[in-house]
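Morning, everyone. Please have a look at the structure on the screen, and I will walk you through it.

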Amino acid sequence: MISADPTIHRQVVAVAREVLREDPAASLSSITQRAGVSRATFYRHFGSREALLNAIQLEPPTPARERILAAAAELLADGGLHAFSMEQLATQAGTSRATVYRLFPSKAALFGELVRVYSPFEAVTRLMADRAADPPQVVVREMVRTIASVGAERIGIMRSVLLEATSVSEDAVRGVQPFMPTVLAALAGYLAAQMPERIRPMHPLLAVQAVLGPIAFHLLTRQLAERVVGFTMPIDEAADQLAATILEGLAA
């Protein structure tokens, strides 16, 4: 039976796998209790113990780190970092509280990893390293395309991450502190090096915002535009048009 709620389905399968590894004869009650779901919820999602066992065989175990990050992304979208506890995160991820703290000793560390994994910053950093000698006409266009391709697939978590980051909560600030200055320095350094021959003189941080702002706003409002005004332009075409506009605005 296919679950109407993939989060609960994943959670029960992950917990059942751990429980049955410890005790192959474990009762259904022990599984549902540890998973934090009622027997009624279990039967609605699986129908029988046999169906659960089949699900365990069909679905390869997901590493705890991935399960925790996926669960954290869902909880973050529901109400932000402050709205859930690490114990709730462990339950939703189908793992122990000790495992959560072993991998992510604080919410700041958890948020930093969410940003690193789900945002396009790593891809942009690699691009800057590979294309640092190229002109803005190449680098900016590729950067916008990269952000568009990554962001379009992950817009839900990106929206949640951006909202949390712009709240300037202590956990968000401490979470991005280890790597965000490096990313911004790489972008700002490249753009500053292009001034004034290729890019008009401005504060490097403003230049970064001029590049990232339009594509970020497009991604955040794209679904709304599709529903309200019937916007249907493919994401790669939209990225190219935005890149052209950004380059025109930056031109010396």
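Which backbone oxygen does the side chain of His45 reach? The backbone oxygen of Thr41, at 2.8 Å. Before I go on, remember that this is a predicted model. Every value I give is computed from it.

Let's stay with His45 for a moment. His45 sits in helix 3, which covers residues 39–45. Is His45 buried or exposed? Buried, because its relative accessible area is 3%, and the cut-off for buried is under 20%.

Now step back to the whole protein. There are 15 helices and zero strands. The C-alpha trace spans about 75 × 40 × 30 Å along its principal axes. The protein has 252 residues, and 42% of them are buried. The accessible surface comes to about 13300 Å². Carbon and sulfur atoms account for 58% of that surface. And what about contacts along the chain? Take those between residues at least 6 apart in sequence: 67% of them join residues at least 24 apart.

Next, the inside. In soluble globular proteins, nonpolar side chains tend to be buried together. Here, the largest nonpolar core holds 54 residues. Which of them touch the most other members? Leu89, Leu110, Phe111, Met143, Leu187 and Val211. Helix 5, residues 64–79, supplies the largest share of this core, with seven residues. Pick Leu187 on your screen. Leave out residues up to four places away in sequence, and Leu187 touches Val124, Met128, Met143, Val208 and Leu212. There is also a second, separate core. That one has 18 residues, including Val13, Val15, Leu28 and Phe42.

On to charges. How many salt bridges does a search of the whole structure find? Nine. I will show you three of those.

Start with Glu113 and Arg65. Their closest N and O atoms are 3.3 Å apart. Glu113 lies in helix 8, residues 107–118, and Arg65 lies in helix 5, so this pair ties together parts that are 48 residues apart in sequence. Glu113 is buried, at 11% relative accessible area. Arg65 counts as partly exposed, at 35%.

The next pair is Glu122 and Arg116. Here the closest N and O atoms are 2.7 Å apart. Both partners are partly exposed: Glu122 has 35% relative accessibility, and Arg116 has 33%.

Then Glu226 and Arg222. Their side chains meet in a salt bridge at 3.4 Å, N to O. Why are they about one helical turn apart? Because they are four residues apart in helix 14. Glu226 is partly exposed, with a relative accessible area of 35%, while Arg222 is buried, at 13%. Now link some of these charges up. Arg65, Glu113, Arg116 and Glu122 belong to one network, joined by salt bridges that share partners.

Helix 14 runs over residues 204–229, and Val229 is part of it. Val229 is exposed, because its relative accessibility is 64% and the cut-off for exposed is over 50%. Which residues form a nonpolar patch with Val229 on the surface? Leu224 and Val228. Together, the three have about 330 Å² of accessible area.

Now two backbone details. Look at the loop between helix 13, residues 180–193, and helix 14. Pro196 is found there. The peptide bond joining Met195 and Pro196 is cis, with omega about 0°. The other detail is Val168. Val168 is not a glycine, yet its phi is positive, at about 55°. Where is Val168? In the loop between helix 11, residues 155–166, and helix 12. Val168 counts as exposed, at 57% relative accessibility.

My last stop is Arg174. Arg174 is in helix 12, residues 170–176. Its side chain makes a polar contact with the side chain of Asp171, at 2.9 Å. Arg174 counts as partly exposed, at 42% relative accessibility. How many residues separate Arg174 and Ser149 in sequence? They are 25 apart, and in space their C-alpha atoms are 28 Å apart.

Key:
Residues are numbered from 1 along each chain as its sequence is written. This is a predicted model: local features need pLDDT of at least 70, side-chain atom pairs count only at pLDDT 80 or more; totals for chains, interfaces and linings use all residues. Side-chain values use heavy atoms; hydrogens and water are left out. Patches are made of residues with over 30% relative accessible area and no salt bridge: like charges are joined within 9 Å, nonpolar side chains (Val, Leu, Ile, Met, Phe, Trp, Tyr) within 5 Å. Accessible areas come from the Shrake-Rupley method with a 1.4 Å probe; for residues, only the protein chains shown count as cover. A salt bridge is a side-chain nitrogen of Lys or Arg within 4 Å of a carboxyl oxygen of Asp or Glu. Buried means under 20% relative accessible area, exposed over 50%, partly exposed in between (1.4 Å probe, protein chains only). A polar contact is a pair of N or O atoms within 3.5 Å; within protein, one must be able to donate a hydrogen and the other to accept it, and residues adjacent in sequence count only if both atoms are side-chain atoms. Contact means heavy atoms within 4.5 Å. A nonpolar core is a set of buried Ala, Val, Leu, Ile, Met, Phe, Trp, Tyr and Cys residues joined through side-chain atoms within 4.5 Å.
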